[in-house]
Amino acid sequence: MTNPYVPNPPSVRAEMLKELGLEDVEKLFSDIPPECRFAGLSFPPKSEPELLRFFGEVLSKNRPVLCFMGGGVWPHHSPPHIRHLTGLPGFRTSYTPYQPELNQGVLQALFEYQSLVAELVGLEVVNASMYDWATAVGEAALMCFRLTRARKFLVPEFMGPERYSTLLNYARGPGMEVVRIAQHPRTGQLDLGALEAELEGAAGVYLENPSFLGFLETQVEEISSLVHRTGALLVVGVNPISLGLLRPPGDYGADLVVGEGQPLGLPMAFGGLSLGIFACRKELVRQMPGRLIGMTRDAEGRRAFCMVLQTREQHIRRERATSNICTNETLCAIAAAIYLSTLGSRGLRRVAELCASNARYLMRGMESLGLKVLFDAPHFNEFAVSCPLPAGELNRRLLEFGIVGGRPLKGDFPRLGESLLFCTTEAHSKEDLDRLLGALGECVR
Amino acid sequence: MQIPEDLYYTQEHEWVRMEGRLARVGITDFAQKKLGEVVYLELPEVGKRVRQLSEPKTPDMELGVVESIKAVSVIYSPLSGTVREVNRELASKPELVNSDPYGRGWICVLEPENLEAELRNLLAPPSYAELLRKLER
């Protein structure tokens with residue numbers, strides 16, 4: 001027998017092909033259209049020192065930039081101790097580390113993650129994570145369908161575009177209809193009349209707070225009581241950092257909370273390293289997707305951690321499982337647990353305060369430059385401004401100042417016209433903010 | 001293994017007790033032993049219409065799901081008809097399915113639609129005992 005960790009030698013491969021009645025291993029891939037096949041790298045072989053030099057030269061072309069782009073993944077500070085601790089081999093190299101006999105460390109770290117996030121969002125149960133915010137919204141819609149058997153899911157007009165697109169994919173399976181509810185053009189607040197008119201037959205209503213465009217929804221109590229009057233479920237999507245300042249959604253009646261965990265100490269990494277937060281009320285846990293880690297006692301009465309309620313999952317319930325995704329973002333969830341536990345509640349509040357006050361400083365500064373902030377509402381750490389020149393052109397000019405500008409909005413929301421979604425975080429100093437304002441002043445003059 | 005004499009059985013280990021024109025349904029002693037400790041049941045809605053179990057199985061033959069600490073199993077309907085009552089006690093005491101499968105661990109009561117014809121498709125106690133002997137072999 002060959003070693004399971006070493007590729008088969010040619011003699012074994014030949015034997016396998018003979019058994020299969022094939023002349024060539026390529027025959028196994030004949031169903032894949034040629035244009036989808038990888039043609040190989042046109043990269044001459046290099047020695048290790050040559051390779052290191054080559055990549056060093058390529059990387060040296062990078063220049064440091066000051067980033068003000070969020071809109072899905074945000075430029076928060078990732079403290080170095082997170083990278084150090086998540087680099088421990090027991091965390092970093094473990095694959096499906098769920099055997100309680102062997103993996104108490106990982107299981108406990110995930111349990112801590114669940115407990116910290118539960119406290120943050122104000123709900124009893126948090127799973128060990130989904131892929132990202134977008135897949136968490138999709139799973140939330142399916143969960144609302146299973147609980148109510150209704151096929152309509154209501155979302156706000158200015159929902160995050162990638163999340164909306166992912167939600168449509170999820171909704172297709174059970175034939176759910178996704179309906180967008182208008183938001184006020186000046187304040188961004190949800191149109192309660194429009195919401196009420198669509199509530200009949202709705203499985204769930206989804207809110208984003210802060211919204212994709214950064215403003216806060218202030219009518220959460222009214223929305224919650226409207227939604228629950230018809231038996232629909234309230235799903236709230238969050239940036240977890242904002243909960244350092246804002247009320248936990250569980251407090252105002254959210255049945256499910258989803259969100260993006262990347263701000264919790266994970267780098268932007270060209271669009272993620274993402275971490276899908278998924279929480280629900282305890283009574284709904286049987287319909288929850290994803291892995292759950294519980295705390296128990298072992299045979300000798302010692303505290304121990306293990307997976308619980310696995311009967312919801314694919315490997316046991318097969319086609320009746322609550323989700324067909326059995327995997328998660330364990331390492332990212334552990335990073336988030338380390339981040340939250342090292343910041344503590346005061347630290348998190350401080351980070352959230354800096355985000356919000358930086359955003360206010362930038363909004364005022366941009367207004368004094370004659371740029372128009374699009375929504376008149378309280379904001380967290382992002383805000384939309386209209387541009388006096390095409391958004392892409394403005395970003396190109398900002399890049400000349402070493403600044404990555406905002407996310408252009410016109411493509412996803414034509415109604416907003418030439419506009420940018422700017423983001424600021426605790427990682428920006430006052431000098432950074434002034435640098436952006438100074439550069440913008442030059443660009444729009 | 002208990003196989004009460006006054007019941008009808010299915011290949012999938014459900015039992016039926018005729019009570020006048022209504023049929024009480026549960027899962028057998030064999031089923032509960034195989035499942036182990038029952039921790040949760042998904043029960044049908046009162047008023048749900050179901051068809052008698054046959055091959056190929058379809059969702060309209062399902063009464064619910066019984067979940068133990070190690071497995072999940074569908075409860076199939078032994079008869080066609082309408083669900084008239086479900087055992088609410090199981091929501092807080094699912095273990096009754098283990099401790100008293102033919103008594104307080106009942107699942108639901110059906111109002112059968114085509115009783116006479118369909119009873120012929122069910123197993124009498126000796127046939128069910130024979131099925132279990134085969135399975136245990």
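Strand S12 of chain A, residues 382–386, pairs with strand S15 of chain A in the antiparallel sense, over five bridges. Pairing here needs at least two bridges found by DSSP, and the elements themselves are DSSP runs numbered from the N terminus, with helices being H or I of at least four residues and strands E of at least two. On its other pairing, S15(A) meets strand S14 of chain A, residues 407–408, again antiparallel, over two bridges.

Before I go on, a word on what we are looking at. This is a predicted model, where local features need pLDDT of at least 70 and side-chain atom pairs count only at pLDDT 80 or more, while totals for chains, interfaces and linings use all residues. Residues are numbered from 1 along each chain as its sequence is written, and chains are lettered from A and ligands numbered from 1 in the order in which they are written.

Back to S15(A), then: why is this strand largely enclosed by the rest of the structure? Because five of its five residues, 419–423, are buried. Buried means 20 or more other C-beta atoms within 10 Å of the residue's own, exposed means 12 or fewer, and partly exposed is in between, with C-beta atoms placed from the backbone. A:Ser419, A:Leu421 and A:Cys423 point one way, A:Leu420 and A:Phe422 the other, and all are buried.

Now for a contrast. A:Gly411 sits in the loop between S14 and S15 of chain A, and this glycine is exposed, with 11 other C-beta atoms within 10 Å. A:Pro161 is 250 residues from A:Gly411 in sequence, yet their C-alpha atoms are 9.9 Å apart.

Helix H1 of chain A, residues 10–20, lies largely in the open, because zero of its eleven residues are buried. Just after H1(A), A:Gly21 takes a positive phi of about 75°.

On to the domains, whose bounds come from an automatic or database assignment. Chain A has domain 1, 66–77 + 345–444, and domain 2, 80–339. Their centres, taken over C-alpha atoms, are 27 Å apart. Between them, 25 residues of domain 1 are in contact with 23 of domain 2, contact being C-beta atoms, placed from the backbone, within 7 Å. On the domain 1 side, helix H11 (330–368) and S12 of chain A each give two or more residues, and H11(A) gives the most, with seven.

Finally, four residues of chain A are in contact with four of chain B. Thanks, everyone!

How values were computed. Contact = placed C-beta atoms within 7 Å.
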